[in-house]
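Morning, everyone. Let me put the model on the screen and walk you through it.

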Amino acid sequence: MDNDVSAGSGITTVVGRLALGITLLAFGLGYTDVIDGVSAADAVSIAQYVGGVALFVAGLMAFRDRDSVGGTALCALGALWFTWAVSADAQVSANAAGLFLLLFALVALTLTLAGGDQLGQGMYGLFFVALVLMAIANFADNDGLTKVGGWFAVAAGAVAWYAATAALAHWPTALRGRAAGRGVTAHG
């Protein structure tokens with residue numbers, strides 16, 4: 001394991017990942033129905049202010065620090081969370097909601113493929129899967145698939161939270177790869 005905390009622009013990345021982690025946890029848990037009386041609608045304020053405003057401001061700070069990848073990620077996610085939050089009460093068709101989630105998923109896919117550290121790619125990858133599952137659930141009117149998507153969002157939020165906490169606490173943030181040709185061999 002490696003204790004290197006070089007990804008992004010330091011504290012801006014940590015703040016962004018904390019904000020994203022909290023937002024994803026609230027959003028995901030709201031869709032899982034695991035906590036009695038808590039729904040996705042209860043995540044709207046967190047999504048608007050923490051996921052929307054805080055992420056967008058952290059993105060601007062990343063741009064100021066010349067971190068174009070982090071700035072792009074945080075600003076794009078901030079704008080998307082803010083849009084989700086302010087339109088949460090709007091009466092739209094299931095297909096329109098599914099399309100929004102699918103477009104949101106494309107942003108997460110772009111962030112996954114953009115590279116960066118393992119935790120960041122894992123976080124965005126899990127978020128991508130969550131959004132695709134939720135989009136399909138909207139198109140197919142399938143509540144079970146929505147819950148599965150919620151669990152993927154929870155997992156993405158947990159990875160984001162860990163990544164931020166690990167950077168601050170100097171915990172491991174990367175897995176070491178095995179050297180080529182070295183590993184377990186079978187004897188038969």
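Buried means under 20% relative accessible area, exposed means over 50%, and partly exposed is in between, with a 1.4 Å probe and protein chains only. This is a predicted model: local features need pLDDT of at least 70, side-chain atom pairs count only at pLDDT 80 or more, and totals for chains, interfaces and linings use all residues. Residues are numbered from 1 along each chain as its sequence is written, and side-chain values use heavy atoms, with hydrogens and water left out.

Salt bridges next. Side chains of opposite charge can pair when their charged atoms come close. The rule here is a side-chain nitrogen of Lys or Arg within 4 Å of a carboxyl oxygen of Asp or Glu. How many salt bridges does that rule give? The count is 3.

Take Asp117 and Arg17. Their side chains form a salt bridge at 3.0 Å, N to O. Asp117 sits in the loop between helix 4 and helix 5, and Arg17 in helix 1, so this pair ties together parts 100 residues apart in sequence. Helices here are DSSP runs of H or I, at least four residues, numbered from the N terminus. Buried or exposed, Asp117 and Arg17? Both are buried.

Now Lys147 and Asp33. They meet in a salt bridge at 3.6 Å, N to O. Lys147 is in helix 6 and Asp33 in the loop between helix 1 and helix 2, so the pair links distant parts of the chain, 114 residues apart. Lys147 is partly exposed at 34% relative accessibility. Asp33 is partly exposed too, at 48%.

Then Arg64 and Asp65, with a salt bridge at 3.2 Å, N to O. Arg64 is exposed, with a relative accessible area of 55%. Asp65 is partly exposed at 33%.

On to backbone angles. Most residues other than glycine have a negative phi. Arg66 has a positive phi of about 65°. Arg66 lies in the loop between helix 2 and helix 3, and is exposed at 78% relative accessible area. His170 also has a positive phi, about 60°. His170 is in the segment after helix 6 and counts as exposed at 55%.

Next, the surface. Tyr49, Val53, Val57, Met61, Phe82 and Val86 form a nonpolar patch, with about 520 Å² of accessible area together. Patch residues have over 30% relative accessible area and no salt bridge, and nonpolar side chains (Val, Leu, Ile, Met, Phe, Trp, Tyr) are joined within 5 Å, like charges within 9 Å. Areas come from the Shrake-Rupley method with a 1.4 Å probe. Helix 2 (44-64) and helix 3 (68-86) each give two or more residues. Helix 2 gives the most, with 4. Phe82 is in helix 3, partly exposed at 33%.

Last, the largest pocket. A pocket is an open set of points on a 1 Å grid where a 1.4 Å probe fits, with protein on both sides within 12 Å along at least five of seven lines; lining residues have an atom within 4 Å of a point. The largest pocket holds about 690 Å³ of space. There are 28 lining residues, and the closest to the centre are Tyr31, Trp84, Ala88, Ala97 and Asn138. Which helix supplies the largest share of the lining? Helix 4, with 5 residues.

Technical notes. Points joined across faces, edges and corners; volume = space filled by probe spheres on them.
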